[in-house]
Amino acid sequence: MRRQGGKLKYLVAYPLGMLIIFFLIPLAMLIAFSFYYHPPGGFYEPAFTLENYTRFFTKVLYLKRLAFTVEISALTAVLCLLLGYPFTYYLTRIASRKRFYIILVISTLWLSYIIRSYAWTVILSKHAGISKLFAWVGIIEQTRSYTPGLFAVIIGLVYVFLPFMVLTLYGTLKGINREYEEASLNLGAGPWKTFVNVTLPLSKDGIISGALLVFILTLGAYVVPSILGKPQQWTMAIIIGDQATYESNVPFGASMALVLMVFAILTIGLIAKLGGTKSLTVGAKGR
Amino acid sequence: MGRVELRNLSKTFAPDIRAVENVDLAIEEGEFVTLLGPSGCGKTTTLRLVAGFEEPTTGRIFIDGQDVTALPPYRRNAGMVFQSLALFPHMDVFGNIAYGMRIRKHSGTEIREKVEELLSLVKLSGMEGRKIQQLSGGQQQRVAFARALAMNPSVFLLDEPFAALDKNLREEMQVELRRLQKRIRVTTIFVTHNQREAMSMSDRIVVMNQGRIDQVGTPREIYVNPASPFVANFIGTTNLIPATVERVSREAVRLTTPDGPISLTGTDLDVAEGTECLISIRPESVRLNVEADRPVENSFPGKVDFKRHVGELIEYYIQTRAGQEIIASYQTGRPEFYEGDPVRVILEREAFRLLQKDNS
């Protein structure tokens with residue numbers, strides 16, 4: 001028994017050690033830095049000041065960036081869901097050679113975000129991109145550039161994070177026994193009613209995790225908005241990076257990073273709570 | 001309400017798996033018909049064709065005289081109980097049973113009354129608020145029955161609903177289902193691979209093999225008078241003895257078997273002399289005698305090779321002189337034999353059937 005207890009200690013020590021080294025220590029450092037003092041022209045001095053936080057919460061400029069980041073993250077999550085759900089549903093229900101399509105989806109992740117973002121700058125440019133096609137077809141009168149700009153940022157973000165949505169939904173949708181849908185058809189519900197009353201509620205978990213995942217990934221997005229966006233489309237991550245690298249103001253960057261993190265945690269908590277109790281269907285209403 | 005007719009129904013899955021071939025079947029109102037066969041015999045596909053989940057390659061399906069072949073499942077009014085039951089996990093008992101009526105926008109009071117009536121019918125009164133996960137296996141079965149019957153279906157379809165239950169519960173549910181079915185007199189098609197289940201529940205059994213119907217008949221007919229060696233073997237145990245028709249006269253057919261001559265009277269089988277066929281005889285129709293007795297007709301010598309007790313019965317596995325194995329089952333209490341005993345095997349004349357050899 002004692003020997004087993006000893007072995008168990010080592011087993012627990014491994015994940016615990018990993019957690020402490022890679023998560024708890026950096027987080028503690030971040031928290032500590034966020035209260036440090038930033039002397040003008042210098043780097044940082046250990047101190048305990050709330051100045052970094054008051055600066056963030058009193059300047060409209062920074063609050064606007066936070067609001068924009070949250071908005072674009074929510075928009076990206078919704079768009080990824082709208083695009084990803086039908087595709088993934090098709091993949092699990094109809095398509096043969098599922099594995100091939102899934103590898104195809106994952107393969108876009110093999111290229112770095114930077115390369116894919118620059119690829120979009122070309123595609124959305126005035127002279128080489130889809131603008132020419134649009135003009136030729138007659139949708140627009142003159143070729144124009146869509147990048148940098150909001151439209152380009154949204155396209156880039158959706159493109160980059162869509163695979164995460166697909167992969168998350170895939171597990172859930174594949175796990176729904178087809179007999180549930182058949183039972184619904186058998187009871188007189190057509191395909192659409194079956195989808196709304198059976199398939200959709202049964203895929204609720206996947207929808208929530210997929211949307212949350214994309215939302216949080218977008219909250220931290222740096223590369224896509226910096227390559228495809230104007231300063232008006234810069235996200236919190238870019239502002240934080242700027243403070244830490246160009247302004248040498250690590251304490252202010254740290255405090256903004258923490259604000260963003262707390263915001264993400266609150267969102268997860270809120271959605272998990274809502275998702276756990278709320279239901280979308282006819283049948284679950286009870287009597 | 002509830003006559004079902006299948007006309008020359010076939011279903012071929014790509015590339016050329018013939019799941020169902022030329023099935024013709026008429027099921028009368030209120031009848032309980034079982035599709036019986038081994039896995040892959042096409043019984044489930046046939047059921048799914050009736051429900052509308054598969055489209056037949058050829059043939060037509062009629063429910064109450066109406067051709068439903070082209071109708072989607074949600075326009076057929078065939079209540080189905082699935083093998084997995086497929087009770088909606090995100091709804092309670094009430095939500096599951098009321099589902100079809102809510103979809104068709106029945107009024108609240110109407111739905112409540114119907115659900116209450118169905119719950120009392122399946123002995124689950126007061127359980128409407130339970131979650132599916134809180135129910136026992138047997139209770140889930142009953143909810144599945146109630147849900148499928150809520151729309152007063154023209155035909156009640158069941159796809160091996162008891163396959164996952166343990167033996168006691170399965171038998172309990174068999175009785176329950178048949179009682180329920182008799183009370184509401186709904187036309188029922190039941191699919192199973194369990195011949196005991198089929199024998200004990202059905203008005204008629206349809207034995208299927210390799211996508212085709214081998215025989216249709218009452219359980220008794222199929223047991224006593226199997227149409228093929230496959231049916232004889234699949235329904236209960238049987239002894240199959242190869243034989244050649246030697247002489248056919250008006251009152252008897254004489255056959256030769258590896259263990260000697262056998263004669264069969266009163267056969268209505270149309271056989272030609274020289275035909276090779278199989279004699280099927282059930283173990284309970286095989287008698288054993290002490291070898292020293294004088295030879296009787298339709299008997300041959302053998303030796304007890306193995307013996308086992310099966311409930312009230314003793315099964316003797318007899319090795320004949322020609323090397324065949326014959327199984328005889330006896331009530332306990334009769335004179336008992338022991339392994340190694342020489343015995344005389346007597347085939348009761350009225351009990352055996354001549355079968356054509358399977359082509360397959």
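View 1. Helices here are DSSP runs of H or I with at least four residues, strands are runs of E with at least two, and both are numbered from the N terminus. A word on the model: it is predicted, so local features need pLDDT of at least 70 and side-chain atom pairs count only at pLDDT 80 or more, while totals for chains, interfaces and linings use all residues. Residues are numbered from 1 along each chain as its sequence is written, and chains are lettered from A and ligands numbered from 1 in the order in which they are written.

**View 2. α2(B) crossing α4(B).** The two axes come within 7 Å and cross at roughly 25 degrees (axes are lines fitted to C-alpha atoms, for helices over the stretch in contact, with angles from 0 to 180 degrees between N-to-C directions). That makes α2(B) roughly parallel to α4(B), a label for angles under 35 degrees. V93(B), N96(B), I97(B) and Y99(B) of α2(B) meet V143(B), A146(B) and R147(B) of α4(B); contact means C-beta atoms, placed from the backbone, within 7 Å. By class, that's five nonpolar, one polar and one charged (Ala, Val, Leu, Ile, Met, Phe, Trp, Tyr, Cys and Pro are nonpolar, Asp, Glu, Lys and Arg charged, and the others, Gly among them, polar).

**View 3. Where chain A touches chain B.** Chain A brings 22 residues to the contact and chain B brings 21. On the chain A side, α8 (178-186) and α9 each supply at least two residues, and α8(A) gives the most, with six. The chain A side divides into 10 nonpolar, eight polar and four charged residues.

**View 4. T57(B) in its loop.** T57(B) lies between α1 (43-51) and β4 (58-63) of chain B. With 15 other C-beta atoms within 10 Å, T57(B) is partly exposed. Its C-alpha atom is 4.8 Å from that of K11(B), 46 residues apart along the chain. Leaving out residues up to four places away in sequence, T57(B) touches S10(B), K11(B) and T12(B).

How values were computed
Parallel < 35°, antiparallel > 145°, perpendicular 65-115°, else oblique. Contact = placed C-beta atoms within 7 Å. Buried ≥ 20, exposed ≤ 12 C-beta atoms within 10 Å, placed from the backbone.
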